[in-house]
Amino acid sequence: MQQVISSVLVYSQFYPDPTPQKDVSRLLKWDRDMVLRMLISIKLVCQHMSRNHQHSFAEKLIQFLPPQRDTRLDDGSAIRITNKTVVLKIMADLLNQPCTAAASDVFGAAFYRDILNTILIYNEHQFPYAGLGNQKLRHIDAWTVEMMQELNAENVHAYARIGGIKQLIYIQFLKEKFGNDYPAFEQEVVSFTGLSSMYEIALLFMNLEIAYQKAIKNDVPIVVIGNKDVKYPLLCRLDLVTDATVHCPGITYERLFTAPFLKLNDDHLYLIGTTDFDLITTKSWDYYLVKNRLFEKYLSKVNSVHVLKGIWGKEYIESFLSYRLLKSLETKGIRVLPSDDRTKPDVTLIVNEKDVFMIEVKSAALNNRITSAKDIDGFKDFIDKNVSGSSKGVAQLNRNIEFLAEYATSAYNLKTPISKLRIYPIIVYTDHHLSKQAVNDYVIANCPNLPQSTVNKFQSIENVTLIHLDFFLENILLLKKDRSLLRNLICDYHRYVRRTKKNYDNKERHKDFFSAMVSFETWSVGYNSVYQDNTTEIFSGLAKIYNLT
(Lines give C-alpha, C1' and ligand atoms only; values in the text may rest on other atoms or scores of the structure.)
Protein backbone atom coordinates (compact mmCIF):
# COMPACT_ATOMS: atom_id res chain seq x y z
CA MET A 1 0.00 0.00 0.00
CA GLN A 2 1.03 3.60 -0.47
CA GLN A 3 3.38 4.98 2.15
CA VAL A 4 4.13 8.57 3.07
CA ILE A 5 7.21 10.27 1.67
CA SER A 6 7.89 13.29 3.84
CA SER A 7 10.73 15.29 5.31
CA VAL A 8 12.29 14.10 8.55
CA LEU A 9 13.54 16.31 11.39
CA VAL A 10 17.34 16.66 11.40
CA TYR A 11 19.87 18.27 13.70
CA SER A 12 20.90 21.08 11.34
CA GLN A 13 17.32 22.40 11.26
CA PHE A 14 17.65 23.55 14.86
CA TYR A 15 21.35 23.98 15.64
CA PRO A 16 23.96 26.12 13.83
CA ASP A 17 26.96 24.06 14.97
CA PRO A 18 28.23 21.05 12.95
CA THR A 19 26.28 17.84 13.40
CA PRO A 20 28.00 15.63 16.01
CA GLN A 21 28.96 12.04 15.35
CA LYS A 22 26.11 9.69 16.04
CA ASP A 23 26.35 7.96 19.40
CA VAL A 24 24.22 7.36 22.47
CA SER A 25 26.38 9.28 24.93
CA ARG A 26 23.52 11.66 25.80
CA LEU A 27 21.37 8.72 26.90
CA LEU A 28 23.80 6.91 29.17
CA LYS A 29 23.09 9.07 32.21
CA TRP A 30 19.43 8.06 32.18
CA ASP A 31 17.82 4.83 33.31
CA ARG A 32 18.24 2.52 30.34
CA ASP A 33 14.82 0.92 30.66
CA MET A 34 13.17 4.34 30.62
CA VAL A 35 15.11 5.29 27.50
CA LEU A 36 14.18 2.03 25.79
CA ARG A 37 10.50 2.40 26.68
CA MET A 38 10.53 5.91 25.23
CA LEU A 39 12.23 4.70 22.04
CA ILE A 40 9.72 1.85 21.70
CA SER A 41 6.79 4.28 21.93
CA ILE A 42 8.44 6.54 19.36
CA LYS A 43 8.89 3.61 16.99
CA LEU A 44 5.26 2.55 17.37
CA VAL A 45 4.16 6.12 16.65
CA CYS A 46 6.40 6.33 13.58
CA GLN A 47 4.84 3.10 12.32
CA HIS A 48 1.45 4.81 12.63
CA MET A 49 2.59 7.90 10.72
CA SER A 50 0.18 9.46 8.26
CA ARG A 51 0.35 12.68 6.28
CA ASN A 52 -2.63 14.38 7.91
CA HIS A 53 -2.71 12.92 11.41
CA GLN A 54 -0.23 13.63 14.20
CA HIS A 55 -0.30 11.16 17.09
CA SER A 56 -0.80 12.88 20.44
CA PHE A 57 2.44 11.34 21.74
CA ALA A 58 4.39 12.92 18.88
CA GLU A 59 2.66 16.27 19.47
CA LYS A 60 3.82 16.28 23.07
CA LEU A 61 7.31 15.16 22.19
CA ILE A 62 8.00 17.88 19.61
CA GLN A 63 7.28 20.51 22.26
CA PHE A 64 10.75 19.69 23.61
CA LEU A 65 12.44 20.73 20.37
CA PRO A 66 14.45 23.99 20.57
CA PRO A 67 12.38 27.22 20.84
CA GLN A 68 12.88 28.05 17.15
CA ARG A 69 10.84 24.97 16.21
CA ASP A 70 7.81 27.06 15.19
CA THR A 71 9.77 28.70 12.38
CA ARG A 72 11.56 25.52 11.29
CA LEU A 73 8.65 23.12 10.87
CA ASP A 74 6.48 22.69 7.79
CA ASP A 75 2.90 23.86 8.09
CA GLY A 76 -0.03 21.54 7.55
CA SER A 77 1.52 18.10 7.35
CA ALA A 78 2.16 15.77 10.24
CA ILE A 79 5.78 15.86 11.40
CA ARG A 80 7.88 12.77 10.72
CA ILE A 81 10.11 12.51 13.79
CA THR A 82 12.15 9.60 12.45
CA ASN A 83 11.70 6.09 11.04
CA LYS A 84 12.01 2.54 12.32
CA THR A 85 15.60 2.05 11.18
CA VAL A 86 16.90 5.08 13.08
CA VAL A 87 15.13 4.00 16.28
CA LEU A 88 16.47 0.45 15.98
CA LYS A 89 20.00 1.74 15.35
CA ILE A 90 19.82 3.84 18.51
CA MET A 91 18.49 0.84 20.47
CA ALA A 92 21.25 -1.41 19.15
CA ASP A 93 23.98 1.14 19.95
CA LEU A 94 22.54 1.54 23.46
CA LEU A 95 22.46 -2.22 24.02
CA ASN A 96 26.09 -2.42 22.94
CA GLN A 97 27.00 -0.20 25.89
CA PRO A 98 27.71 -1.82 29.30
CA CYS A 99 24.86 -1.57 31.79
CA THR A 100 25.59 1.16 34.31
CA ALA A 101 23.63 2.79 37.13
CA ALA A 102 21.60 5.79 36.02
CA ALA A 103 23.06 9.15 37.01
CA SER A 104 19.62 10.69 37.14
CA ASP A 105 16.12 9.42 37.85
CA VAL A 106 14.36 12.77 37.39
CA PHE A 107 12.74 12.55 34.00
CA GLY A 108 11.99 16.13 33.10
CA ALA A 109 12.53 18.27 30.01
CA ALA A 110 16.25 17.40 29.87
CA PHE A 111 15.41 13.71 29.43
CA TYR A 112 13.12 14.35 26.46
CA ARG A 113 15.61 16.79 24.87
CA ASP A 114 18.40 14.22 25.11
CA ILE A 115 16.16 11.64 23.43
CA LEU A 116 15.16 14.08 20.69
CA ASN A 117 18.66 15.42 20.07
CA THR A 118 20.02 11.89 19.73
CA ILE A 119 17.29 11.16 17.17
CA LEU A 120 18.01 14.39 15.28
CA ILE A 121 21.70 13.50 15.04
CA TYR A 122 21.00 9.95 13.85
CA ASN A 123 18.45 11.31 11.37
CA GLU A 124 21.06 13.68 9.92
CA HIS A 125 23.37 10.74 9.25
CA GLN A 126 20.57 8.47 8.01
CA PHE A 127 19.05 11.08 5.68
CA PRO A 128 21.87 12.98 4.00
CA TYR A 129 20.80 15.62 1.52
CA ALA A 130 19.72 13.76 -1.61
CA GLY A 131 20.88 16.60 -3.87
CA LEU A 132 17.92 16.46 -6.24
CA GLY A 133 18.02 20.18 -6.99
CA ASN A 134 16.75 21.15 -10.44
CA GLN A 135 18.47 18.30 -12.26
CA LYS A 136 16.65 15.84 -14.48
CA LEU A 137 15.57 13.11 -12.09
CA ARG A 138 16.52 9.46 -12.57
CA HIS A 139 15.27 6.13 -11.28
CA ILE A 140 18.06 6.02 -8.72
CA ASP A 141 16.90 9.35 -7.26
CA ALA A 142 13.54 7.79 -6.38
CA TRP A 143 15.28 4.77 -4.84
CA THR A 144 17.63 7.01 -2.86
CA VAL A 145 14.70 8.83 -1.26
CA GLU A 146 12.78 5.64 -0.52
CA MET A 147 15.78 3.79 0.92
CA MET A 148 16.53 6.70 3.23
CA GLN A 149 12.98 6.57 4.56
CA GLU A 150 12.73 2.75 4.49
CA LEU A 151 9.59 2.79 2.34
CA ASN A 152 8.01 -0.29 0.71
CA ALA A 153 10.17 -2.73 2.57
CA GLU A 154 8.30 -5.15 4.81
CA ASN A 155 4.69 -4.20 4.19
CA VAL A 156 2.97 -3.74 7.55
CA HIS A 157 -0.37 -2.95 5.91
CA ALA A 158 -0.38 -6.20 3.95
CA TYR A 159 0.39 -8.21 7.10
CA ALA A 160 -2.45 -6.60 9.04
CA ARG A 161 -4.89 -7.53 6.27
CA ILE A 162 -3.75 -10.97 5.09
CA GLY A 163 -0.63 -11.95 7.04
CA GLY A 164 -2.48 -14.45 9.21
CA ILE A 165 -4.30 -15.87 6.18
CA LYS A 166 -0.99 -16.43 4.39
CA GLN A 167 0.27 -18.36 7.41
CA LEU A 168 -2.79 -20.61 7.24
CA ILE A 169 -2.19 -21.16 3.53
CA TYR A 170 1.42 -22.13 4.26
CA ILE A 171 0.30 -24.67 6.86
CA GLN A 172 -2.10 -26.16 4.31
CA PHE A 173 0.78 -26.41 1.84
CA LEU A 174 2.87 -28.30 4.41
CA LYS A 175 -0.05 -30.66 5.05
CA GLU A 176 -0.33 -31.47 1.36
CA LYS A 177 3.44 -31.62 0.89
CA PHE A 178 4.11 -34.01 3.79
CA GLY A 179 0.87 -35.99 3.49
CA ASN A 180 0.70 -38.77 6.06
CA ASP A 181 3.93 -37.51 7.62
CA TYR A 182 2.46 -34.12 8.52
CA PRO A 183 1.12 -35.11 11.99
CA ALA A 184 4.58 -36.37 12.98
CA PHE A 185 6.20 -33.18 11.63
CA GLU A 186 3.74 -31.00 13.53
CA GLN A 187 4.31 -32.97 16.72
CA GLU A 188 8.07 -32.40 16.47
CA VAL A 189 7.52 -28.65 16.01
CA VAL A 190 5.05 -28.56 18.90
CA SER A 191 7.40 -30.48 21.21
CA PHE A 192 10.38 -28.28 20.36
CA THR A 193 8.68 -24.88 20.50
CA GLY A 194 5.96 -25.29 23.08
CA LEU A 195 3.28 -24.35 20.56
CA SER A 196 -0.02 -26.14 21.05
CA SER A 197 -0.29 -26.60 17.28
CA MET A 198 1.11 -25.12 14.07
CA TYR A 199 -1.91 -22.83 13.96
CA GLU A 200 -0.84 -21.12 17.17
CA ILE A 201 2.03 -19.33 15.41
CA ALA A 202 -0.53 -17.64 13.13
CA LEU A 203 -2.80 -16.82 16.06
CA LEU A 204 0.13 -15.46 18.08
CA PHE A 205 1.07 -12.79 15.54
CA MET A 206 -2.51 -11.89 14.68
CA ASN A 207 -3.19 -11.26 18.38
CA LEU A 208 -0.04 -9.15 18.66
CA GLU A 209 -1.18 -7.09 15.67
CA ILE A 210 -4.54 -6.55 17.41
CA ALA A 211 -2.74 -5.54 20.61
CA TYR A 212 -0.70 -2.99 18.64
CA GLN A 213 -3.82 -1.55 17.00
CA LYS A 214 -5.34 -1.04 20.47
CA ALA A 215 -2.16 0.39 21.99
CA ILE A 216 -1.62 2.99 19.27
CA LYS A 217 -4.87 4.66 20.33
CA ASN A 218 -3.36 5.43 23.75
CA ASP A 219 -1.52 8.65 24.57
CA VAL A 220 1.66 6.64 25.26
CA PRO A 221 1.54 3.54 23.04
CA ILE A 222 3.17 0.44 24.53
CA VAL A 223 2.49 -3.31 24.30
CA VAL A 224 3.69 -5.33 27.30
CA ILE A 225 3.77 -9.11 27.76
CA GLY A 226 3.98 -9.93 31.48
CA ASN A 227 6.10 -12.84 32.76
CA LYS A 228 2.92 -14.74 33.75
CA ASP A 229 1.44 -14.46 30.26
CA VAL A 230 1.35 -17.78 28.37
CA LYS A 231 2.95 -16.01 25.39
CA TYR A 232 6.04 -15.07 27.42
CA PRO A 233 7.91 -18.42 27.36
CA LEU A 234 6.72 -19.11 23.82
CA LEU A 235 8.17 -15.86 22.47
CA CYS A 236 11.48 -16.63 24.20
CA ARG A 237 11.66 -20.18 22.78
CA LEU A 238 10.89 -18.87 19.30
CA ASP A 239 13.97 -16.60 19.53
CA LEU A 240 11.85 -13.45 19.22
CA VAL A 241 13.25 -11.73 22.33
CA THR A 242 16.38 -9.65 22.91
CA ASP A 243 17.44 -9.52 26.56
CA ALA A 244 18.08 -5.84 27.31
CA THR A 245 18.88 -6.53 30.97
CA VAL A 246 22.44 -7.53 30.07
CA HIS A 247 25.26 -6.08 28.03
CA CYS A 248 24.73 -7.12 24.38
CA PRO A 249 28.09 -6.58 22.65
CA GLY A 250 27.95 -7.01 18.91
CA ILE A 251 24.15 -6.82 18.62
CA THR A 252 23.02 -5.25 15.35
CA TYR A 253 19.83 -3.41 14.55
CA GLU A 254 19.04 -6.09 11.95
CA ARG A 255 18.66 -8.51 14.85
CA LEU A 256 15.86 -6.30 16.19
CA PHE A 257 13.98 -6.69 12.89
CA THR A 258 13.45 -10.39 13.53
CA ALA A 259 13.38 -10.30 17.35
CA PRO A 260 10.67 -7.66 17.94
CA PHE A 261 10.58 -7.91 21.73
CA LEU A 262 12.86 -6.42 24.37
CA LYS A 263 13.09 -7.95 27.82
CA LEU A 264 13.59 -5.21 30.39
CA ASN A 265 14.52 -5.33 34.07
CA ASP A 266 10.91 -5.67 35.21
CA ASP A 267 11.04 -9.12 33.52
CA HIS A 268 8.36 -8.06 31.03
CA LEU A 269 8.57 -8.20 27.24
CA TYR A 270 7.97 -5.04 25.23
CA LEU A 271 6.85 -5.16 21.59
CA ILE A 272 9.15 -3.00 19.46
CA GLY A 273 6.77 -2.93 16.50
CA THR A 274 4.84 -4.97 13.96
CA THR A 275 6.36 -3.62 10.73
CA ASP A 276 8.43 -6.75 10.21
CA PHE A 277 5.81 -9.38 11.04
CA ASP A 278 5.57 -10.36 7.38
CA LEU A 279 9.34 -10.98 7.34
CA ILE A 280 9.22 -12.91 10.61
CA THR A 281 6.27 -15.14 9.75
CA THR A 282 7.61 -16.08 6.32
CA LYS A 283 11.39 -15.98 5.93
CA SER A 284 12.41 -16.02 9.61
CA TRP A 285 10.01 -18.83 10.54
CA ASP A 286 11.46 -21.06 7.83
CA TYR A 287 14.97 -20.14 9.00
CA TYR A 288 14.01 -21.14 12.55
CA LEU A 289 12.66 -24.51 11.40
CA VAL A 290 15.76 -25.24 9.29
CA LYS A 291 18.23 -24.04 11.95
CA ASN A 292 16.66 -26.36 14.52
CA ARG A 293 16.58 -29.25 12.03
CA LEU A 294 12.81 -29.63 12.22
CA PHE A 295 12.52 -30.23 8.46
CA GLU A 296 15.34 -32.77 8.43
CA LYS A 297 13.31 -36.01 8.49
CA TYR A 298 10.83 -34.82 5.90
CA LEU A 299 13.02 -32.90 3.47
CA SER A 300 16.22 -34.91 3.35
CA LYS A 301 18.03 -32.58 0.95
CA VAL A 302 17.34 -29.43 2.95
CA ASN A 303 20.42 -28.60 5.01
CA SER A 304 20.25 -24.80 4.68
CA VAL A 305 17.73 -22.02 4.21
CA HIS A 306 19.22 -21.37 0.76
CA VAL A 307 18.33 -24.89 -0.37
CA LEU A 308 14.83 -24.58 1.13
CA LYS A 309 14.26 -21.29 -0.73
CA GLY A 310 15.03 -23.01 -4.02
CA ILE A 311 12.54 -25.81 -3.33
CA TRP A 312 9.83 -23.58 -1.88
CA GLY A 313 10.22 -21.03 -4.71
CA LYS A 314 9.09 -23.64 -7.21
CA GLU A 315 6.75 -25.82 -5.18
CA TYR A 316 5.16 -23.31 -2.81
CA ILE A 317 5.33 -19.82 -4.36
CA GLU A 318 4.93 -20.78 -8.03
CA SER A 319 2.87 -23.97 -8.05
CA PHE A 320 0.82 -23.93 -4.84
CA LEU A 321 0.35 -20.26 -4.00
CA SER A 322 0.36 -18.55 -7.42
CA TYR A 323 -0.89 -21.15 -9.88
CA ARG A 324 -3.67 -22.47 -7.65
CA LEU A 325 -4.81 -18.90 -6.97
CA LEU A 326 -4.95 -17.94 -10.63
CA LYS A 327 -6.40 -21.31 -11.62
CA SER A 328 -9.43 -20.38 -9.51
CA LEU A 329 -10.26 -17.72 -12.13
CA GLU A 330 -10.94 -20.42 -14.69
CA THR A 331 -14.52 -20.45 -15.96
CA LYS A 332 -16.28 -20.34 -19.32
CA GLY A 333 -14.26 -18.00 -21.50
CA ILE A 334 -11.20 -18.03 -19.20
CA ARG A 335 -8.41 -20.60 -19.42
CA VAL A 336 -5.45 -20.91 -17.06
CA LEU A 337 -2.46 -22.94 -18.26
CA PRO A 338 0.53 -24.16 -16.22
CA SER A 339 4.16 -23.96 -17.22
CA ASP A 340 5.85 -26.75 -19.14
CA ASP A 341 9.24 -25.55 -17.78
CA ARG A 342 10.46 -24.99 -21.32
CA THR A 343 8.37 -22.79 -23.59
CA LYS A 344 5.50 -21.52 -21.45
CA PRO A 345 5.69 -19.09 -18.51
CA ASP A 346 4.76 -20.07 -14.96
CA VAL A 347 1.10 -19.20 -15.65
CA THR A 348 -0.77 -18.26 -18.81
CA LEU A 349 -4.19 -16.65 -18.38
CA ILE A 350 -6.30 -16.49 -21.56
CA VAL A 351 -9.47 -14.39 -21.42
CA ASN A 352 -12.08 -14.59 -24.19
CA GLU A 353 -9.48 -16.27 -26.40
CA LYS A 354 -8.09 -12.81 -27.15
CA ASP A 355 -6.33 -11.35 -24.10
CA VAL A 356 -3.27 -13.43 -23.16
CA PHE A 357 -1.62 -12.69 -19.80
CA MET A 358 1.83 -14.30 -19.67
CA ILE A 359 2.94 -14.45 -16.05
CA GLU A 360 6.37 -15.17 -14.62
CA VAL A 361 6.60 -15.58 -10.82
CA LYS A 362 9.69 -14.33 -8.97
CA SER A 363 10.29 -15.26 -5.33
CA ALA A 364 13.84 -13.88 -5.09
CA ALA A 365 14.43 -11.85 -1.92
CA LEU A 366 16.65 -8.79 -1.59
CA ASN A 367 19.44 -9.19 0.96
CA ASN A 368 18.70 -6.83 3.86
CA ARG A 369 22.34 -5.72 3.86
CA ILE A 370 21.59 -3.85 0.62
CA THR A 371 18.82 -1.77 2.15
CA SER A 372 20.69 -1.37 5.45
CA ALA A 373 23.63 0.15 3.59
CA LYS A 374 21.33 2.08 1.23
CA ASP A 375 23.23 0.36 -1.57
CA ILE A 376 21.57 1.68 -4.72
CA ASP A 377 23.93 -0.25 -7.02
CA GLY A 378 23.17 -3.45 -5.12
CA PHE A 379 19.43 -2.83 -5.51
CA LYS A 380 19.86 -2.15 -9.23
CA ASP A 381 21.88 -5.38 -9.60
CA PHE A 382 19.08 -7.30 -7.85
CA ILE A 383 16.54 -5.97 -10.35
CA ASP A 384 18.82 -6.69 -13.30
CA LYS A 385 19.58 -10.22 -12.15
CA ASN A 386 16.00 -11.25 -11.49
CA VAL A 387 13.79 -9.10 -13.70
CA SER A 388 15.36 -6.89 -16.36
CA GLY A 389 18.55 -8.71 -17.31
CA SER A 390 19.41 -10.89 -20.30
CA SER A 391 18.27 -14.25 -18.94
CA LYS A 392 15.53 -13.97 -16.29
CA GLY A 393 12.27 -12.14 -15.82
CA VAL A 394 11.34 -10.15 -18.92
CA ALA A 395 13.84 -12.10 -21.03
CA GLN A 396 11.99 -15.30 -20.13
CA LEU A 397 8.66 -13.73 -21.06
CA ASN A 398 10.10 -12.56 -24.38
CA ARG A 399 11.07 -16.13 -25.22
CA ASN A 400 7.58 -17.29 -24.24
CA ILE A 401 5.98 -14.63 -26.45
CA GLU A 402 8.17 -15.60 -29.40
CA PHE A 403 7.12 -19.24 -28.93
CA LEU A 404 3.46 -18.19 -28.75
CA ALA A 405 3.86 -16.29 -32.03
CA GLU A 406 4.92 -19.51 -33.75
CA TYR A 407 2.81 -22.11 -31.98
CA ALA A 408 -0.37 -20.37 -30.77
CA THR A 409 -2.59 -23.06 -32.21
CA SER A 410 -0.65 -26.25 -31.46
CA ALA A 411 0.72 -25.29 -28.02
CA TYR A 412 -2.09 -23.07 -26.71
CA ASN A 413 -5.06 -24.32 -28.69
CA LEU A 414 -5.85 -20.74 -29.69
CA LYS A 415 -8.20 -20.44 -32.64
CA THR A 416 -8.10 -16.65 -32.71
CA PRO A 417 -5.76 -15.28 -35.40
CA ILE A 418 -2.46 -14.12 -33.92
CA SER A 419 -3.02 -10.67 -35.39
CA LYS A 420 -6.02 -10.24 -33.07
CA LEU A 421 -4.26 -11.32 -29.84
CA ARG A 422 -3.42 -8.76 -27.14
CA ILE A 423 -0.46 -9.76 -24.96
CA TYR A 424 0.11 -8.64 -21.36
CA PRO A 425 3.49 -9.70 -19.91
CA ILE A 426 3.46 -9.73 -16.10
CA ILE A 427 6.12 -10.31 -13.45
CA VAL A 428 4.50 -11.43 -10.19
CA TYR A 429 6.93 -10.87 -7.30
CA THR A 430 6.98 -11.55 -3.57
CA ASP A 431 9.65 -9.10 -2.33
CA HIS A 432 8.05 -5.81 -1.27
CA HIS A 433 11.16 -3.86 -2.28
CA LEU A 434 10.10 -4.26 -5.90
CA SER A 435 7.09 -2.09 -5.03
CA LYS A 436 9.41 0.88 -4.73
CA GLN A 437 8.82 3.81 -7.03
CA ALA A 438 10.54 3.69 -10.43
CA VAL A 439 11.20 -0.06 -10.43
CA ASN A 440 8.60 -0.85 -13.10
CA ASP A 441 9.70 2.09 -15.23
CA TYR A 442 13.36 1.09 -14.86
CA VAL A 443 12.56 -2.45 -15.97
CA ILE A 444 10.69 -1.20 -19.06
CA ALA A 445 13.58 1.10 -19.97
CA ASN A 446 16.32 -1.50 -19.48
CA CYS A 447 14.85 -4.92 -20.29
CA PRO A 448 15.58 -6.75 -23.58
CA ASN A 449 13.24 -5.84 -26.43
CA LEU A 450 11.31 -8.28 -28.54
CA PRO A 451 12.22 -8.37 -32.24
CA GLN A 452 9.95 -5.99 -34.14
CA SER A 453 8.98 -8.85 -36.44
CA THR A 454 7.49 -10.66 -33.42
CA VAL A 455 5.72 -7.53 -32.14
CA ASN A 456 4.12 -6.96 -35.54
CA LYS A 457 2.43 -10.37 -35.47
CA PHE A 458 0.12 -9.41 -32.59
CA GLN A 459 -2.59 -6.79 -32.29
CA SER A 460 -0.69 -5.33 -29.32
CA ILE A 461 1.87 -6.13 -26.64
CA GLU A 462 1.58 -4.02 -23.49
CA ASN A 463 4.64 -2.98 -21.48
CA VAL A 464 5.64 -5.43 -18.79
CA THR A 465 3.79 -4.91 -15.50
CA LEU A 466 5.27 -5.80 -12.10
CA ILE A 467 2.54 -6.92 -9.67
CA HIS A 468 2.96 -8.12 -6.11
CA LEU A 469 1.49 -11.54 -5.37
CA ASP A 470 -0.51 -9.99 -2.52
CA PHE A 471 -2.51 -8.05 -5.13
CA PHE A 472 -3.97 -11.31 -6.41
CA LEU A 473 -4.46 -12.73 -2.92
CA GLU A 474 -6.35 -9.66 -1.73
CA ASN A 475 -8.36 -9.02 -4.88
CA ILE A 476 -9.12 -12.48 -6.22
CA LEU A 477 -12.86 -12.06 -5.56
CA LEU A 478 -12.94 -8.85 -7.60
CA LEU A 479 -11.04 -10.51 -10.43
CA LYS A 480 -13.57 -13.35 -10.39
CA LYS A 481 -16.47 -10.89 -10.65
CA ASP A 482 -14.98 -8.83 -13.48
CA ARG A 483 -12.90 -10.63 -16.09
CA SER A 484 -11.95 -7.30 -17.66
CA LEU A 485 -10.57 -5.82 -14.44
CA LEU A 486 -6.97 -7.01 -14.78
CA ARG A 487 -6.74 -5.85 -18.39
CA ASN A 488 -8.28 -2.46 -17.58
CA LEU A 489 -6.00 -1.97 -14.58
CA ILE A 490 -2.88 -2.74 -16.59
CA CYS A 491 -3.85 -0.55 -19.54
CA ASP A 492 -4.95 2.38 -17.39
CA TYR A 493 -1.83 2.12 -15.23
CA HIS A 494 0.52 2.39 -18.19
CA ARG A 495 -1.62 5.13 -19.73
CA TYR A 496 -1.35 7.10 -16.48
CA VAL A 497 2.41 6.63 -16.33
CA ARG A 498 2.91 7.74 -19.94
CA ARG A 499 0.72 10.84 -19.43
CA THR A 500 2.42 11.83 -16.18
CA LYS A 501 5.91 11.29 -17.60
CA LYS A 502 4.95 13.60 -20.44
CA ASN A 503 3.88 16.21 -17.89
CA TYR A 504 7.26 15.90 -16.22
CA ASP A 505 9.11 16.22 -19.52
CA ASN A 506 7.15 19.39 -20.30
CA LYS A 507 7.22 21.09 -16.90
CA GLU A 508 10.06 19.29 -15.04
CA ARG A 509 8.19 19.37 -11.74
CA HIS A 510 9.50 16.87 -9.21
CA LYS A 511 5.99 15.92 -8.15
CA ASP A 512 5.20 14.78 -11.70
CA PHE A 513 8.30 12.60 -11.77
CA PHE A 514 7.49 10.86 -8.51
CA SER A 515 3.85 10.47 -9.54
CA ALA A 516 4.92 8.86 -12.82
CA MET A 517 7.21 6.44 -11.03
CA VAL A 518 4.36 4.95 -8.98
CA SER A 519 4.18 1.17 -8.66
CA PHE A 520 1.19 -0.75 -9.97
CA GLU A 521 0.41 -1.84 -6.41
CA THR A 522 0.20 1.72 -5.08
CA TRP A 523 -1.57 3.14 -8.13
CA SER A 524 -4.26 0.45 -8.11
CA VAL A 525 -5.52 1.13 -4.56
CA GLY A 526 -9.18 2.13 -4.76
CA TYR A 527 -9.51 1.54 -8.51
CA ASN A 528 -12.95 -0.11 -8.93
CA SER A 529 -12.81 -1.22 -5.27
CA VAL A 530 -9.32 -2.76 -5.52
CA TYR A 531 -7.86 -3.46 -2.05
CA GLN A 532 -11.22 -2.57 -0.48
CA ASP A 533 -12.45 -6.05 0.55
CA ASN A 534 -12.35 -6.63 4.29
CA THR A 535 -10.33 -9.43 5.86
CA THR A 536 -13.38 -11.64 6.39
CA GLU A 537 -14.30 -11.47 2.70
CA ILE A 538 -10.70 -12.14 1.67
CA PHE A 539 -10.47 -15.16 3.99
CA SER A 540 -13.76 -16.57 2.75
CA GLY A 541 -12.53 -16.47 -0.85
CA LEU A 542 -9.07 -17.86 -0.15
CA ALA A 543 -10.38 -20.60 2.16
CA LYS A 544 -12.25 -22.14 -0.77
CA ILE A 545 -9.26 -21.93 -3.08
CA TYR A 546 -6.74 -23.47 -0.66
CA ASN A 547 -9.10 -25.79 1.25
CA LEU A 548 -8.44 -24.02 4.54
CA THR A 549 -10.24 -25.64 7.47
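Mentor: Start with burial. A residue counts as buried when its relative accessible area is under 20%. Keep in mind that this is a predicted model.

Trainee: Which strands does E6 pair with?

Mentor: Strands pair when DSSP finds at least two bridges between them. Strand E5 (residues 334-338) joins E6 through 5 bridges, and the two run antiparallel. Ile334 has Val351 of E6 as its bridge partner. E6 is also joined to strand E7 (residues 355-362) by 5 bridges, again antiparallel. There, Leu349 stands opposite Phe357 of E7.

Trainee: What sits between the strands in the hairpin of E6 and E7?

Mentor: The hairpin has 3 residues between its strands. One feature to check is Asn352, which takes a positive phi near 55 degrees.

Trainee: Now the aromatic rings. How many aromatic pairs are there?

Mentor: Rings pair if their centres lie within 6.5 Å, and planes over 60 degrees apart count as edge-to-face. The count here is 35 aromatic pairs. Take Phe185 and Tyr298: the ring centres are 5.6 Å apart and the planes are at 80 degrees, so this pair is edge-to-face.

Trainee: Where in the chain do Phe185 and Tyr298 lie?

Mentor: Phe185 is in helix H8 (residues 182-193). Tyr298 is in the loop between helix H12 (277-291) and helix H13 (305-327).

Mentor: Compare another pair. Tyr493 and Phe520 have ring centres 5.6 Å apart and planes at 85 degrees, so the pair is edge-to-face. Tyr493 belongs to helix H20 (residues 485-507) and Phe520 to helix H22 (residues 520-524), 27 residues apart. Tyr493 and Phe520 are both buried.

Trainee: Which residues form an aromatic cluster?

Mentor: Phe185 and Tyr298 are in one, whose members also include Tyr170, Phe173, Trp312, Phe320 and Tyr546.

Trainee: And charges over rings: which lysines should I look at?

Mentor: Look at Lys344, whose charged end sits over the ring of Tyr412, 5.0 Å from the ring centre. Then take Lys436, which lies over the face of Phe379 at 6.0 Å from the ring centre.

Terms used:
Residues numbered from 1 in each chain as written. Predicted model: local features only at pLDDT ≥ 70, side-chain atom pairs only at ≥ 80, totals over all residues. Heavy atoms only, no water. Phe/Tyr/Trp six-rings, centres within 6.5 Å; stacked < 30°, edge-to-face > 60°. Helix = DSSP H or I, 4+ residues; strand = E, 2+ residues; numbered from the N terminus. Buried < 20%, exposed > 50% of the residue type's maximum accessible area, 1.4 Å probe, protein only. Lys NZ or Arg CZ within 6 Å of the ring centre and 35° of its normal.
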